[in-house]
Amino acid sequence: PLLMWVSAMTVALLATENLVNRHMRRLGVAMKSFSGGARKQIDLDLAGSPVEIQTLGQSFEAMTATILREEAQLEDALRQKEHLLREVHHRTGNSLQLIASIMRMHMRQEKSEAVRPILQGLHDRVMGLATVHMGLYQTSGQKDVQMDELVAGVIRQIVALGNQQSRKARIETKLDPLRLIPDQAVPLSLLLTELLAGMSPQTEAAAG
């Protein structure tokens, strides 16, 4: 009786391993791999397994296919949004540069000494804004903006404009690497532009 019991248990264990366990391990490995970030179509070979396990495998395959399809659609929509945003920054920067050029023409023609400084200040602000948008255009599509590079570009532009008008300003910068999301970078860049454009001709500033 003991030998028969051992034999029966051995047969039962082998049958369980062949019909259930190995298929469940294969399904478990596929689930763990997919949940861990392996984004590929799952093709499980569950031939010979019970109907319940085959149904479970088919449901998992359908679920992964749906997730992959929806993720692909979201990525495509995100790429289109980034492309449109990049184009907006580019067109805005070009338009601001055109406005600044028109203002420059009016400044040359303006004879009133009281009006010319006002036009110059507006011109500098518009060019500063153009610099911000062109910087954002170059970084569009990225998850964050290299803020130290953008700030340095804005400062160079404002200083160059001031030097062209003999409005000498010396700005010393010591910028640590900093990355911000666009929602943070845009208002900070615009604020910096306003502060720099509003400096007096004799300003000597140190920014760190």
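**Exercise 1. Is R79 buried, partly exposed or exposed, and what is its relative accessible area?**

*Solution.* Keep in mind as you work that this is a predicted model.

- Step 1: Look up the value for R79, a relative accessible area of 49%.
- Step 2: Compare it with the cut-offs, where buried means under 20% and exposed means over 50%.
- Step 3: R79 therefore counts as partly exposed.

**Exercise 2. Find the salt bridges in the whole structure and describe the setting of each.**

*Solution.* Let's start from the general idea: side chains of opposite charge can pair when their charged atoms come close.

- Step 1: Searching the whole structure gives two salt bridges.
- Step 2: One of them joins the side chains of D76 and R79, with an N to O distance of 3.9 Å. The cut-off for a salt bridge is 4 Å.
- Step 3: D76 and R79 both belong to helix 2 and sit three residues apart, about one turn of the helix. D76 is partly exposed, because its relative accessibility is 35%.
- Step 4: Turn to E87 and R91, whose closest N and O atoms are 2.9 Å apart in a salt bridge. These two residues are separated by about one helical turn, because they are four residues apart in helix 2.
- Step 5: Classify both partners. E87 has 29% relative accessibility and so counts as partly exposed, while R91 reaches 54% and so counts as exposed.

**Exercise 3. Which residues form the nonpolar patch on the surface, and where do they come from?**

*Solution.* 

- Step 1: The members are L19, V20, M24, M31 and L56, and together they have about 360 Å² of accessible area.
- Step 2: Assign them to elements. Helix 1 (residues 2-35) supplies four residues, the largest share of the patch, whereas L56 is found in helix 2 (residues 51-109).
- Step 3: Check the exposure of L56. Its relative accessibility is 39%, so L56 counts as partly exposed.

**Exercise 4. Work out how the largest nonpolar core is put together.**

*Solution.* 

- Step 1: This core has 15 residues, and those with the most contacts inside it are M147, V154, I155, L192 and L196.
- Step 2: Two or more residues each come from helix 3 (116-139), helix 4 (147-164) and helix 5 (182-197). Helix 4 gives the most, with seven residues.
- Step 3: Zoom in on I155. Leaving out residues up to four places away in sequence, I155 touches I171, T173, L192 and L196.
- Step 4: Apart from this core lies another, made of eight residues that include L27, A30, F60 and L68.

**Exercise 5. Describe the overall fold and say where the prediction is of highest and lowest confidence.**

*Solution.* 

- Step 1: Count the elements, which gives five helices and four strands. From the N terminus on, they run α-α-α-β-α-β-β-α-β.
- Step 2: Consider the contacts with a separation of 6 or more; 71% of them link residues 24 or more positions apart.
- Step 3: The protein has 208 residues, of which 30% count as buried. Its accessible surface is about 13,900 Å², and carbon and sulfur atoms account for 61% of that.
- Step 4: Read the confidence. The mean pLDDT is 76, with 85% of residues at 70 or more. Helix 2 has the highest confidence, at 84, and strand 4 (residues 204-207) has the lowest, at a mean of 39.
- Step 5: Look at residues 200-208, where pLDDT stays under 50 and the model has 16 contacts beyond four places in sequence.

Key:
Residues numbered from 1 in each chain as written. Predicted model: local features only at pLDDT ≥ 70, side-chain atom pairs only at ≥ 80, totals over all residues. Heavy atoms only, no water. Patch = residues over 30% accessible without salt bridge, like charges linked within 9 Å, V, L, I, M, F, W, Y side chains within 5 Å. Areas by Shrake-Rupley, 256 points an atom, 1.4 Å probe, with all protein chains shown as cover. Buried < 20%, exposed > 50% of the residue type's maximum accessible area, 1.4 Å probe, protein only. Core = buried A, V, L, I, M, F, W, Y, C linked by side-chain atoms within 4.5 Å. Contact = heavy atoms within 4.5 Å. pLDDT = per-residue confidence, 0-100.
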